[in-house]
Amino acid sequence: MQQMTTFKPTVLVAGGAGFIGSHLCEALLYRGHRVICVDSFLSGLRENVLPLTNHPGFTLIEADVTQPLTISGPVEQIYNLACAASPPQYQADPVHTMLTNVLGCGNLLELAEAKGARYLQASTSEVYGDPLSHPQNEDYWGNVNCTGPRACYDEGKRAAETMCFDYLRQGRVDVRVARIFNTYGPQMRPDDGRIISNLICQALQDQPMTVYGDGTQTRSFCYVSDLVRGLMALMDVGQAPEGAINLGNPGEFSILELVDIIRDRLPGVAQPVFMALPTDDPQRRQPDITRARTLLGWQPKVPLSEGLGLTIPWFASQVGAEAPTPVRAERVAARSMAR
Ligand SMILES: NC(=O)c1ccc[n+]([C@@H]2O[C@H](COP(=O)([O-])OP(=O)(O)OC[C@H]3O[C@@H](n4cnc5c(N)ncnc54)[C@H](O)[C@@H]3O)[C@@H](O)[C@H]2O)c1
């Protein structure tokens, strides 16, 4: 007799071929869920989900979330991560980015309502803009330029949050909103233009690292397995928390400190070069994660230097440089977090 595989409830991950989405798909499969990954491959890569395509619980659908989605069968949870996250990628077609955030969110909320599914929106610390309050807690309304080159992303995400909470207030969908702060790890694209990928790839290729501004601006960096664990905790918590939840690592580092940690890991790298700050680049970023700690019992575990140690070999494999440690170590880490 043929043996049937039984799965936990079906989860749809929009943007599942992206950096965070592919880790999330893997962690959900590992936990026994059936996973439907919906992605247009705008910024995500087929290689990210290629290792998952042989899994009997994994389905890949190539689709743009700005178009209405038809999915047959039950769906119990929807994670919406669909949106390019790095400035060069989301600014390449800003109108499409805005539509992805607004129409995409609307289409997926409609699907969630039709299926009776729980919905989690991947929002961003960018909703705080260039913050006048530090560290940023969820009650801060933000300082965002609504007409600048980053607005398609920041304001798009803000509009998506609005729509999520309107659906929630109307009792139509059980919604959760995660405000994600800078996240890094394997499966980031080497060419995506984000600070961690830029600096590590330059260092690996014996180029001087580029620092924008004087390098005193700060960021907080969360390792991807911590973030995925936080997203799943937010989805799984019985009662939807009131309002959005910050997910990020509160450790705050200046860009110059980040450069120093990378130089410690890759000795012999040249002194950095300095260039002008991009428009509307925030000066300080640090999440207040009190709500996530209290409501989800979640906090990050992986310190920056350890996370970079797991990430550098990934970029080395992408740019053809020598890898200091095995890349697979991270995937094992992501799976153990998912248990
Ligand atoms: N990585 C971070 O530091 C960070 C920080 C804050 C928020 N976020 C949010 O988390 C989510 C995932 O970010 P990421 O870093 O994995 O980015 P990513 O660019 O690697 O992944 C986004 C995925 O969405 C897909 N996508 C984009 N537009 C789409 C569309 N219209 N239809 C279908 N698929 C589409 C892309 O192809 C890609 O696979 C994004 O929503 C982003 O805004 C990420």
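Biologist: Where is Val 259 found, and why is it called buried?
Modeller: Val 259 is in helix α8, residues 255-265. Helices (H or I, at least four residues) and strands (E, at least two) are DSSP runs, numbered from the N terminus. A residue is buried if 20 or more other C-beta atoms lie within 10 Å of its own, exposed if 12 or fewer, and partly exposed in between, with C-beta atoms placed from the backbone. Val 259 has 22 such atoms within 10 Å, so it is buried.

Biologist: How do you know which residues Val 259 touches?
Modeller: Two residues are in contact if their C-beta atoms, placed from the backbone, lie within 7 Å. Leaving out residues up to four places away in sequence, Val 259 touches Leu 199, Met 209, Val 211, Gly 215 and Pro 272. Its C-alpha atom is 34 Å from that of Val 13, a residue 246 places away along the chain.

Biologist: What sort of model is this, and how are residues numbered?
Modeller: It is a predicted model, in which local features need pLDDT of at least 70 and side-chain atom pairs count only at pLDDT 80 or more, while totals for chains, interfaces and linings use all residues. Residues are numbered from 1 along each chain as its sequence is written.

Biologist: Why is Pro 208 put in a class of its own kind, and which one is it?
Modeller: Pro 208 has 14 C-beta neighbours inside 10 Å and therefore counts as partly exposed. It lies in the loop between α6 (195-204) and β8 (210-212). Outside its sequence neighbours up to four places away, Pro 208 touches Gln 202, Ala 270, Gln 271, Pro 272 and Val 273. Pro 272 is also one of the contacts of Val 259.

Biologist: Is Gln 187 buried or exposed, and what is its phi?
Modeller: Gln 187 has 25 other C-beta atoms within 10 Å and is therefore buried. Its phi is positive, about 80°, although it is not a glycine. Gln 187 is in the loop between β7 and α6.

Biologist: What makes the bond from His 134 to Pro 135 cis?
Modeller: Its omega is near -10°. Pro 135 lies in the loop between β5 and α5 (151-169).

Biologist: What makes α6 mostly covered?
Modeller: Eight of its ten residues are buried. Among them are Ile 195, Ile 196, Leu 199 and Leu 204. What covers the buried residues includes β7 (183-184), β9 (218-220), α8 and α10 (304-319).

Biologist: How many residues of strand β6 are buried, and which way do they point?
Modeller: Six of the six residues of β6, 175-180, are buried. Val 175, Val 177 and Arg 179 point one way, and Arg 176, Ala 178 and Ile 180 the other. In a regular strand the side chains alternate between the two faces of the sheet.

Biologist: How do you know that β5 and β6 pair?
Modeller: Two strands pair if DSSP finds at least two bridges between them. Six bridges join β5 to β6, and the two run parallel. Ser 123 has Arg 179 in β6 as its bridge partner.

Biologist: Which residues touch the most other members of the largest nonpolar core?
Modeller: Such a core is a set of buried Ala, Val, Leu, Ile, Met, Phe, Trp, Tyr and Cys residues joined through C-beta atoms within 7 Å. The largest one has 91 residues, and Val 13, Tyr 79 and Leu 231 touch the most other members. Beyond four places in sequence, the contacts of Tyr 79 include Val 13, Leu 120 and Leu 231.
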